[in-house]
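This briefing goes through a sheet, a helix pair and a few local backbone features. Please keep the sequence and the model open while reading.

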Amino acid sequence: MLRIDTHHHAIPSEYRNLLRKAGIEEAGGREVPEWSPEGSAQAMSELAVGTAILSVSAPGTTFLPNPADAAALARDLNEHLAAVVAAQPNRFGFFATVPMPHVTESAEEAVRALDELHADGVILLANACGVYLGQDGQADLFSVLNARSAVVFIHPADLPGPAVNGVLPFATDFLLDTARAAYLLVRNEVRRDYPDIKFILSHAGGFVPYASHRMAIGILSDTGRSLTDTLDDFAGFYFDTALSSTAAALPSLIAFAKPGHVTFGSDYPFAPIPVAKLFAAGLQTYPALDTGTRAAIDRLNALRLFPRLGTAPD
């Protein structure tokens, strides 16, 4: 049973060239890697992945301050990935890029990508230029996503503050960034107001499973909301296993997430093949995962999110 990889990045050459022109050589403290569909296919073969959902990682379009320029780049990226998928629809899917924090332009591109390009969902950065998901003013975007029962992949970005010397952002800051976005989506009741959006949190949700009760108490003290309801909202996210399939992290994730809400993620190519294989092996060796749970994480949970992939190779 081949896996479905819901956390698999694409870096089209034209996009990489734009990043270089802007002086951007790294993301999250890691060098922006080379990428091609052929490279993804090789990684997929070594990771027993049948289908990968491609997404453009941080910084997305945020390095372009002009909304029109950011929207044009998002359109180009989505056209490029749609062509990759059209060439191999059983091997690839894609999450559409939108030019957040520009809400109007993001809503327009989400509609186009989902309705016309048939994107499998949308990728949203946890924060875009310091504006976090779940803050005020994003209703237009969430409304169009909810109306389409969209899958939304939340990926971290650099924190809106200076990095700490010696602390690689991908190692710690990215986890906080994801947790901040999840917190606001729950605290500001986005999860309840837009119940048909399926949010996937990267990297096992950052700190969410481990610190969920602490975060829920924070929301209780701030808003008076029910602790039980808040925890239910947190547990209702989907979570991928990218860089997180370890004997330390898996118990919290499996115990906390609702049944069927954990999907396989590799983080290729930011995670090189040997690193991705190391974490994937954790799913095979963790003794508490029975065969059914392992199959659900590897493939079946993702099939419920992306039913068109039911024809993907077994």
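Strand E11 (residues 238-240) and E12 run parallel and are joined by two bridges. The model is predicted: local features need pLDDT of at least 70, side-chain atom pairs count only at pLDDT 80 or more, and totals for chains, interfaces and linings use all residues. Residues are numbered from 1 along each chain as its sequence is written, and side-chain values use heavy atoms, with hydrogens and water left out. Helices (H or I, at least four residues) and strands (E, at least two) are DSSP runs, numbered from the N terminus.

**Sheet**

- Phe239 has Val262 in E12 as its bridge partner.
- Eight strands make up an open sheet with parallel pairing, in the order E1-E4-E5-E6-E9-E10-E11-E12; two strands pair if DSSP finds at least two bridges between them.
- Strand E1 (3-9) and strand E12 (262-263) are the edge strands, each pairing on one side only.

**Helices H8 and H9**

- Helix H8 (residues 208-223) packs against helix H9 (residues 227-235) at an angle of about 145°, and their axes are 9 Å apart. Axes are lines fitted to C-alpha atoms, for helices over the stretch in contact, and angles run from 0 to 180 degrees between N-to-C directions.
- On the H8 side, Val208, Ser212, His213, Met215, Ala216, Ile217 and Ile219 meet Leu227, Thr230, Leu231 and Phe234 of H9; contact means heavy atoms within 4.5 Å.
- By class, this contact of H8 with H9 has eight nonpolar, three polar and no charged residues. Ala, Val, Leu, Ile, Met, Phe, Trp, Tyr, Cys and Pro count as nonpolar, Asp, Glu, Lys and Arg as charged, and the others, Gly among them, as polar.

**Cis peptide bonds**

- The bond from Met100 to Pro101 is cis, with omega near 20°, and Pro101 lies in the loop between strand E5 (92-97) and helix H4 (103-115).
- The bond from Tyr268 to Pro269 is also cis, with omega near -5°; Pro269 is in the loop between E12 and helix H11 (273-285).

- Ala48, in the loop between helix H2 (37-46) and strand E4 (49-55), has a positive phi near 60°.
- Ala48 is partly exposed at 31% relative accessibility (buried means under 20% relative accessible area, exposed over 50%, partly exposed in between, with a 1.4 Å probe and protein chains only).
- His203, in the loop between strand E10 (198-201) and H8, has a positive phi near 50° and is buried at 7% relative accessibility.
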